[in-house]
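Please open the model in your viewer and keep the selection tool at hand. The stops below are meant to be visited in order.

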Amino acid sequence: MSKKEENQKNGASNKSKYEELNVKEALEKLSVDPDEGLSEDEVKKRQHKYGKNTIEEEDSKPLLEFLSHFWGPIPWMIEVAVILSAIAGRWEDFAVIFTMLLINGGVGYWHEHKASNAIEALKKKLAPEARVIRKGESSKVKSSDLVPGDIIIVRMGDIIPSDAKLLEKQEVSADESSLTGESLPVNKSEGELLFSGTTVKRGEGKAVVTATGTNTRFAKTVEMVESAEEKSHFQQAVLRIGYWLIGLTAGLVAMIIGTGIVRNDPLWDILLFALVLTIAGIPQALPAVLSVTMTVGAGRLAKKKAIVSRLAAMEEMAGLEVLCSDKTGTLTKNQLELQEPVTFENIGKEELVMIAALTVKQDKEQEDPIDKAIINALEDRDKLQNYQIRDFRPFDPTRKRAEADVKKDDEEFTAAKGAPQVILDLVKPDEELRKKVEKKVEELGKEGYRSLGVARKQKRGKWKYLGLLPMLDPPREDSADVIGEAKDHGIDIRMVTGDHAAIGKKVAEQIGMDTDIVSAGEFFAEEEDDQEDKKKKEKRKKRFEQVNGFAEVTPEHKFNIIKQFQSDDRIVGMTGDGVNDAPALKQADIGIAVSDATDAARSASDLVLTEPGLGVITHAIEEARRIFERMISYATFRITETMRVLLFMTLSILAFDFYPVTPIMIVLLAILNDIPIMTIATDKVRTATKPVRWNMKRVLTIASVLSVTGVISSFLLYWYLRTQTHVSTNEIQTMIFLKLLVAGHMTIFLTRNTGALWQKPYPSLMLFITLEGTQVVGTLFAVYGILIPPIGWTKALIIWAYAFAWIFMLSGIKILTYKILNKYTEIPITER
């Protein structure tokens, strides 16, 4: 049993024994005195039993990660070509192809390696030090040295170093938003659990450690991040292209080998042509071109304050259909703001806020979110200087209110604020006012507000209930606009929040979303296997699709919400900022961390926003859809050209026993084709208005039509040259080479859109120059006989004219094919 498994086993036992017990029973079971703490010898024994208070992970193996990039259909094809070139002794080919293999693998490894590590960030989130009582003395120790049974002291601002149970007569307020998603601090009292990784916002107390390391609630988040599955549609598309080309190449090579054996051709010639055909069938630059295209797009997004940590996410963003947006810190500011005050006495609203502000400790760095909201709501803070605080009594866990004795000029009074019910008990109003206050608090609660009661007592007078201060975490200024823009882009927005449904509905109303927000618990309860439950399951699934958001969600809920959408083959995005969001961000097809996100959320994300607001998401979607168009354009081009060359060469051998081009011509074609294609990342393309995704049937159909038509044009040229002219065999091969080069380069102008050749937007200047430049270079090779037999300018210009004539015919054929596909298939044009 590994140390990690042993710790988990011990921890599981630890949890069942201690977490459900009351304080006294837990202390007895843990054999610890809350005043004395553990001895050093006992700490060592427990460290040996429970292990370090850290989150362990498997050691990464860089070499294996690097080698994994040489495993797959396209690497296999390149590796076969490397082997065949070595066997054939063609060392120039060997060097070129082997270099391409290393570049493709290296680029993939580099991009993957530079992506952030979510588990490492989660580990760093843990508090580095903790205050602990051992042998009756208080001291600081590394949080990794804590063990179950340690007595720890937590204060305002501390990060809780482990799961711990508050001791008797202890109470603190903890911010659990990073773990649960709840925007408001949670009051914790005697016997309640404090969770590792959360922050103390108010109070001070002692607690006994009940779970450490991998057994904490915090560690469950890590385990979900580890179990999250990243499935890239981009990678799947590249694999499908690779498998298609492997099957085509293998089939045609087998036909050639079989035919050669039947004809009793020399084994050397058969092997040599197998090498040539394999090289022709390998899209060596496919992974590199697609990666470069996405890298250029990622660079553009970086200028707009969005960092892409996983390149494949650029393609996923183009097909984003559902965006699960975390409410707290994403749609909202994650800071409480005072809303419209409610008064009960003859008092102005500004004066009501001022009375409440007098009970706030005047710190420069105000930590308490409620007090901060009150101070920020003052119209004129300088007026506070008109009041003299004679005695200040801060929030007390026992009384649950804050008070201040105040003097202003000759007036003396006491101000108090606290929970509405606590202030009611303090004031002791008549029944009519009590019912009025309780009714208003209930109404505000249903609308998602958290209320504070405010009271005042004049010297020698009675307490008077002045009013209520409703609090709400308000939406970001740009949230409504972002929601509207996302809908315009065909994105289905769903709110996800740890708060109550009433709060979610209120925020949804403010930002223009529909307000059908329900508890996530409705959808992830245990299900029976009988027929009745199957009907309920179907009904629940239908309801799941209808709601606009999910409330009271746990990290497990968020994770399952993403998986539920993905089970319907939908591309899902998730925005978030906290530790609690990390598993869902990792599981989502596109995880988006907002500007003030924790390191854990950023590391689990594919897109990290570096400035406030979500507006950059719509820019990212637009950029991603343009990138998708470029990738579709290139993929269609690459498949078309590969099929065109493979089919033409194979049929030439089978039908005419003629090698249409020489091996060096194949190498030149491969090089000259790949150089300009690298600039496709700069091409100008249309921006789709709806989500787009790969449809290989459509891609292969268009590629097949264009390639077969191209093969026909090549055979017509070959037939004419062979039967109607006196051109030599060597010259025919050069003219075929030039035709394949010129017509092949022109194909990219066909595949870059679904309309006419001259349809806007026009190609980028860089793409046009590099395409035409390599065509000219290839023409010069053919005209002057560089590495291949010369044909002169006359024959070269004839080939150019022939290619031009066919490119316009192919444009019409392409448009007709798309019309047929659109008419007789259910696939929208956005699924190119």
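The model is predicted, so local features need pLDDT of at least 70 and side-chain atom pairs count only at pLDDT 80 or more, whereas totals for chains, interfaces and linings use all residues. Residues are numbered from 1 along each chain as its sequence is written, and side-chain values use heavy atoms, with hydrogens and water left out.

Begin with the open sheet of six strands, whose order is 2-1-3-9-4-7 and whose pairing is antiparallel. Strand 2 (137-142) and strand 7 (193-194) are the edges, and because each has a single partner strand, one side of each lacks a neighbour in the sheet. Strands here are DSSP runs of E with at least two residues, helices are runs of H or I with at least four, and both are numbered from the N terminus; two strands pair if DSSP finds at least two bridges between them. Within this sheet, select strand 3 (residues 151-154) and strand 9 (residues 205-211), which are joined by four bridges, and look for isoleucine 153, whose bridge partner in strand 9 is lysine 206.

Strand 22 (residues 572-576) pairs with strand 23 in the parallel sense over four bridges, with glycine 576 opposite alanine 593. Strand 24 (residues 607-609) is also paired with strand 23 in the parallel sense, over two bridges, and there leucine 607 stands opposite isoleucine 592.

Now turn to the salt bridges, each a side-chain nitrogen of Lys or Arg within 4 Å of a carboxyl oxygen of Asp or Glu; the whole structure holds 23 of them. Select arginine 456 and glutamate 351, whose side chains meet at 3.2 Å, N to O. This pair links strand 17 (residues 450-458) to helix 15 (residues 349-357), 105 residues apart; arginine 456 is buried at 16%, while glutamate 351 is partly exposed at 34%. A network of salt bridges can be seen by selecting Asp391, Arg393, Arg401, Glu403 and Asp405.

Where does the tour end? Finish by selecting Glu438 in helix 18 (residues 431-446), which is partly exposed at 34% relative accessibility.

Key. Buried means under 20% relative accessible area, exposed over 50%, partly exposed in between (1.4 Å probe, protein chains only).
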